[in-house]
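Here is a short report on selected features of one protein model. Look over the sequence and coordinates before reading on.

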Amino acid sequence: MERLFKLKQNGTTVGREVIAGLTTFFAMAYIIAVNPGLLSESGMEWGAVFLATIISSIVGTLIMGLVANVPYAQAPGMGLNAFFVYTVCFTLGFTWQQALSMVFICGLINIIVTVTKVRKYIIKAIPRSLQNAIGGGIGIFVAYIGLLNVGIINFDSGVPALATLNQPSFWLFLIGLALTIILLVCKVKGAILIGIIVTALLGIPMGVTATTDTISFTEACQQLPTTFGAIFTSEGLGSLFSDVSKIPLVLITIFSFSLSDTFDTIGTFIGTGRRTGIFSDEDEQAMETTPGFKSKMDKALFADATATSIGAIFGTSNTTTYVESAAGIGAGGRTGLTSVVVALCFAISAFLATFVSAIPFAATAPALVVVGIMMMSAFKEIQWEDFNEAVPAFFAGVFMALCYSISYGIAAGFIFYCITKICKKQAKEIHPILWIATVLFILNFVLLAII
């Protein structure tokens, strides 16, 4: 175990990694039920997507843990799955087989971009002030996800507002939040995981923690052939480019998939990896001086890139590195053992979906909120009194939560960084890769507006 994961070198223990893995899993376990429910709206079989979600999560997370030795978990991304269903299938009129084919191609593009180390160079081109802003912004985003998941912030009046505290789930969330904060302040080991478990148990008499009806593992296995390998049939890749008039639209859609997937991952790695030392300056130097895929960052980016194509083959939308991994990292996870534990939990969940889905958002949301608080310490490195630095930092740090997208937050930060540098006649200080990324983001916004 020590030899494989280098626990002492990373200042961690087996117990701490196991707790971190369980914390990450429970924070993101909602995807097991949510993703099939969402993708099935496009005509896919619920059971098939259920298994595809679990399989892609296991494979992607194991690669992340065993190859890269970093504590990140992967699963089909929220936001990207909504784009798959509501934009690609419903608005643009593509079949789910064609949409899966586009996701598969997106994965291949990300693999090429990673192998050529373009994604690595993008990370290195981002100024330190923006990296800190992204780190703090990820904290706000993670906390915001927790608040939205439990529904304590609603938009019934057309504007964000605190929900009326008349639901048991709201009170359970507040109890769980207070409990988790108290445990952390008192420096209790495993505080975040204890908070999730105790809150879930308290939810039983309150009627919040309840099992849901799902299909059996056997039934899911029977449905899996409907999506597995569907991209290689005449309805998938075979039909994707058959209509010449639709080829520009296909390319635009693949481009949008790829851009969002790439910068969601970059944002997550920067936001959670730098402050904790998972991706250190030494690791970045190794990326420059060592040929091949030897550094943690290289391997982690490759693991993320391969997961999307693997997921598409089984039958799910883009598989990506989950920002909820921050919950496990906040609990002390520092190595790939955390990821292996998450993968094992996903494997077990295939047989215990009814019980896993019983963990309510009210029990996991407090963990996300407190982890978000921890991550906001990155903001202290930003010179807020310097308006030229504060403007792009604000958009990179706050906008991602407001628009519920890591990649769009990074886009806003890049755009305003370029604007401020141009106005100060310091355009030469902008890295060429940052120019290219900014132009691609603007192009993406324009294309999305057109289609």
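Predicted model: local features only at pLDDT ≥ 70, side-chain atom pairs only at ≥ 80, totals over all residues.

## Packing of H8 and H21

Two packed helices are described by the angle between their axes and the distance between the axes. Helix H8 spans residues 128–150, and helix H21 spans residues 406–423. They pack at an angle of about 145°. Their axes lie 11 Å apart. The crossing of H8 and H21 is right-handed.

Which residues meet here? From H8 come Leu 130, Ile 134, Ile 138 and Phe 141. From H21 come Ile 406, Ile 410, Gly 413, Phe 414 and Tyr 417.

Ile 436 is part of H22. Is this residue buried or exposed? Ile 436 counts as exposed because its relative accessibility is 54%, and the cut-off for exposed is over 50%.

## Gln 98 in H6

Gln 98 sits in helix H6, which covers residues 96–115. Its relative accessibility is 12%, so Gln 98 counts as buried; the cut-off for buried is under 20%.

What does Gln 98 touch, leaving aside its neighbours within four places in sequence? The contacts are Glu 235, Gly 236, Ser 239 and Leu 240. Val 88 is 10 residues from Gln 98 in sequence. In space, the two are 9.2 Å apart, C-alpha to C-alpha.

Key
Residues numbered from 1 in each chain as written. Heavy atoms only, no water. Helix = DSSP H or I, 4+ residues; strand = E, 2+ residues; numbered from the N terminus. Buried < 20%, exposed > 50% of the residue type's maximum accessible area, 1.4 Å probe, protein only. Axes fitted to C-alpha atoms, helices over the stretch in contact; angles between N-to-C directions. Left-handed = near helix turned anticlockwise from the far one by under 90°. Contact = heavy atoms within 4.5 Å.
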